[in-house]
Amino acid sequence: MPHESDEVDRIVEAWTRQRPDLDFSPLEVLSRVDRLSRHLDRARKDAFRRSDLESWEWDVLSALRRAGEPFQLSPKQLLQQTLVSSGTMTNRIDRLVARRLVRREADPGDGRSVLVTLTEDGQLRVDAAITRLVDAEAVLLGAVSRGDRERLAGLLRKLSLGFDA
């Protein structure tokens, strides 16, 4: 049974005609991942925009929300979860404080340290954004069955583990 062709199939077929000596199977996988990544990036930006958030704001707020009650982390913990520099994190926290999406509080366990706490408005925005994001991503995966999603997730996990080590 013939399968539908996409743009990657057409590109690989053209390259195969020009360079039959090469194995283009990596392009068949990773060019699709790249193209899907662009669609996902647009969907995510739209979900965040509709919640009046920038992508970097989402990164910080979602880390705080995932931490659970009382939705607070130290700046060091935020650094570990968002993989940005200390100076960048300080700037981000300052900007989020100015927008009243987070607040700084003294760490009761260490008077020299602070904790960053999600405000009620921050929680409302991040909750709205994750709902929009999950809905948008479900649409992107609409043509794929749940079983295929699970298999694909497993294969992508296997691939990404090599990079996350």
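The legends below describe close-up views of a predicted model.

**View 1. The largest pocket and the residues at its centre.** In this predicted model, the largest pocket has a volume of about 1,000 Å³, and 25 residues make up its lining. Of these lining residues, Val33, Leu36, Leu141, Leu152 and Leu156 are the ones that lie nearest the centre of the pocket.

**View 2. Elements that contribute to the lining of the largest pocket.** Two or more residues of the lining of the largest pocket are given by each of helix 1 (7-18), helix 2 (25-50), helix 6 (120-140) and helix 7 (146-164). Helix 2 supplies the largest share of this lining, namely 10 residues.

View 3. Three strands form an open sheet in the order 1-3-2, and their pairing is antiparallel. Strand 1 (72-73) and strand 2 (102-107) are the edge strands, each of which pairs on one side only. In general, the strands of a sheet pair through backbone hydrogen bonds, either parallel or antiparallel.

**View 4. The pairing of strand 1 with strand 3, and the helix packed on the sheet.** Strand 1 pairs with strand 3 (residues 110-118) in the antiparallel sense over two bridges, and Leu73 stands opposite Val116 in strand 3. Helix 5 (residues 86-98) packs on the sheet, where it touches strand 2 and strand 3, and the direction of helix 5 makes about 115° with that of strand 2.

Note on methods. Residues numbered from 1 in each chain as written. Predicted model: local features only at pLDDT ≥ 70, side-chain atom pairs only at ≥ 80, totals over all residues. Heavy atoms only, no water. 1 Å grid on protein atoms, 1.4 Å probe; cavity = no way out; pocket = protein on both sides within 12 Å on 5 of 7 lines; lining within 4 Å. Points joined across faces, edges and corners; volume = space filled by probe spheres on them. Helix = DSSP H or I, 4+ residues; strand = E, 2+ residues; numbered from the N terminus. Pairing = 2+ DSSP bridges. Contact = heavy atoms within 4.5 Å. Axes fitted to C-alpha atoms, helices over the stretch in contact; angles between N-to-C directions.
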